[in-house]
Amino acid sequence: MSVAISEGQLVVFQLSDQKYALPIEETQEIIRMTEVTRIPNGSYYLEGIINLRGTILPVINLNRRLGLPEKEADEETRIMVVENKGQKVGMIVDCVLEVGRYSESEIEPPTSVGDNMDFLRGVVKKDDQLWLLLDLNNVL
């Protein structure tokens with residue numbers, strides 16, 4: 001049995017028929033979709049703010065941020081609360097699929113597969129699936 005040099009866990013979620021992933025260390029929690037209070041003059045992808053147990057949290061629409069088709073929120077829709085550089089942000093995703101393991105050897109660099117590559121840290125090849133690994137520094 002070979003030992004992976006570096007293995008980690010990813011939260012795998014879906015946006016517009018594509019699987020995306022974030023390292024579990026960057027994911028604080030996953031909550032059900034809730035009422036989002038809109039704020040005037042926010043960024044085009046800012047959905048608004050929510051009150052999460054007394055903390056005001058900005059919420060972005062990740063489909064909109066990545067230029068993907070948006071879908072109507074349903075019972076699968078989740079808000080992933082992530083932390084980046086000490087700032088907590090909620091990200092609306094179509095649905096959360098699983099927490100998956102990966103090893104460094106399964107990650108390919110985000111080669112020129114499109115223009116939005118600055119959002120990606122890499123592509124995880126898992127069996128016959130591809131998970132697009134988001135780079136929170138560039139998404140938020």
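In which strand is Lys126 found? Lys126 belongs to strand β10, which covers residues 120-126, where a strand is a DSSP run of E of at least two residues, numbered from the N terminus, as helices are for H or I runs of at least four. Before I go on, this is a predicted model, in which local features need pLDDT of at least 70 and side-chain atom pairs count only at pLDDT 80 or more, while totals for chains, interfaces and linings use all residues. Residues are numbered from 1 along each chain as its sequence is written, and side-chain values use heavy atoms, with hydrogens and water left out.

Staying with Lys126, its side chain reaches the backbone oxygen of Arg101 at 2.9 Å, and, setting aside residues up to four places away in sequence, Lys126 touches Arg101, Tyr102, Glu106 and Trp131, contact meaning heavy atoms within 4.5 Å.

Turning to the sheet, 6 strands form an open, mixed arrangement in the order β8-β1-β2-β11-β10-β9, and two strands pair if DSSP finds at least two bridges between them. β9 pairs with β10 in the antiparallel sense over 2 bridges, and Ile107 stands opposite Val124 in β10.

Methods. Polar contact = N/O pair within 3.5 Å; in protein donor to acceptor, adjacent residues only side chain to side chain.
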